Each structure stands twice: as structure tokens, then as C-alpha cells.
Amino acid sequence: MAVSQPRRESIQTMANDRQFDFRDRIKASFDKQGAMMLIGAELTRIQQGTVEIELSYRPDLTQQHGFLHAGIISAALDSACTYAAYTMVDPDVSILTIEFKVNLMSPGKGDRFLFRGEITKPGSNIIVADGKAYAIGDGPAKLIASMTGTKMALRGREDIRE
């Protein structure tokens, strides 16, 4: 007995529907995130397995030498990696960070900053993401930090949604 294969058009339609769903969900969640609002971060790219957040330089986000503070870099990278994980899960699943490591490679000096989170290893319970932070100014973008983060998928938790 032969097993029928789904038509290619229906597979593409399902992928497009899923893509539309996670984009809306991520945008709505990001808009509720007080920390990202506080620092003036913007969600600029959402695609399967990748999310980007951008931030303009502001003196109130710096450390004593005028560079973007490591805590701001870490928070933005964590959000980008977490939202990248949201692109990989069903709508009823929430994501929480359970661990991350940040390597600060160069001072956070630029007019704007780009934080990109990408999924390294998707999973049903644990998702690993890598992030990169770039300073944008005169000349080419400069890598200033990287992150590896572990995310936990949560199901059935009424107290944790989105």
C-alpha cells in the first residue's frame, strides 16, 4: 500500500501560515517587553530561526567610558536569541532562558547596534541559540560580542505565556 505524499502547494501554504503566526506573536510579545522599551530597542527582522534587534546609541545606556554597557548588550542579545527560539516552537509553547555566556570582544562604540539571534540546535524541550552583536558607524559593522544561550520550552504553564 502506497502512502500518499502531501501536495507541495499545501506544504508551502502551511509553512507560510506558521511563519505569519510566529511573526505576529513575536511582535506582540516584544511590544510588551518593558526592558527593550526602556532601552529603545527595535525589532527589525523575524524569520525562521533568526531574529534581529537594533538599538541607537544613547549616552544613558553606556558605562563610564562611554561604551554601550555590557548589561545592555547582554539583554539585547538574550532577547534576540529568545525570540529566535520562538520561531521554532508551537504557539502554545513559551520560552525562558536558563543559561547564557557572553563574550565581549570589542568596546560598544557606534551610532547603532545590531543584535542577531540564530538557532544553533532546535529541540522540543531545550533550544540552543547563538547571538552576535555588531556596532554600526563609520565603516563596516564591527563584531563587539557573541552569546551562546540555552532556552527551555514551557508547556501548560498558565503563569507564563508568550
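Is Thr82 buried or exposed? In the predicted model, Thr82 has a relative accessible area of 10% and is therefore buried, the cut-off being under 20%. The residue is found in helix 3, which spans residues 70-86. Leaving aside residues up to four places away in sequence, Thr82 touches Ile95, Thr97 and Lys151. With Thr97 there is also a polar contact between the two side chains, at 3.2 Å.

The mean pLDDT is 88, and 86% of the residues reach 70 or more. Over residues 1-16, however, pLDDT stays under 50, and for this stretch the model has 1 contact beyond four places in sequence. Where pLDDT is low, the predicted coordinates should not be read in detail.

The sheet consists of 6 strands in the order 1-2-4-5-6-3; it is open, and the pairing is antiparallel. Strand 1 (42-47) and strand 3 (93-104) are the edge strands, each pairing on one side only. From one strand to the next, the twist averages 20°. Helix 3 packs on this sheet and touches strand 2, strand 3, strand 4, strand 5 and strand 6. The direction of helix 3 makes about 45° with that of strand 4.

The pairing within the sheet can be described strand by strand. Strands of a sheet pair through backbone hydrogen bonds, either parallel or antiparallel. Strand 2 (residues 50-56) and strand 4 (residues 112-121) run antiparallel and are joined by 7 bridges. Across this pair, Leu55 stands opposite Phe113 of strand 4.

On its other pairing, strand 4 is linked to strand 5 (residues 126-136) by 9 bridges, again in the antiparallel sense. Phe115 faces Ala133 of strand 5 as its opposite residue. Strand 4 and strand 5 form a hairpin, with 4 residues between them.

Strand 5 also pairs with strand 6 (residues 142-155), in the antiparallel sense and over 10 bridges. Here, the bridge partner of Ile126 is Met152 in strand 6. In a regular strand the side chains alternate between the two faces of the sheet.

Methods: Residues numbered from 1 in each chain as written. Predicted model: local features only at pLDDT ≥ 70, side-chain atom pairs only at ≥ 80, totals over all residues. Heavy atoms only, no water. pLDDT = per-residue confidence, 0-100. Contact = heavy atoms within 4.5 Å. Pairing = 2+ DSSP bridges. Helix = DSSP H or I, 4+ residues; strand = E, 2+ residues; numbered from the N terminus. Buried < 20%, exposed > 50% of the residue type's maximum accessible area, 1.4 Å probe, protein only. Polar contact = N/O pair within 3.5 Å; in protein donor to acceptor, adjacent residues only side chain to side chain. Axes fitted to C-alpha atoms, helices over the stretch in contact; angles between N-to-C directions.
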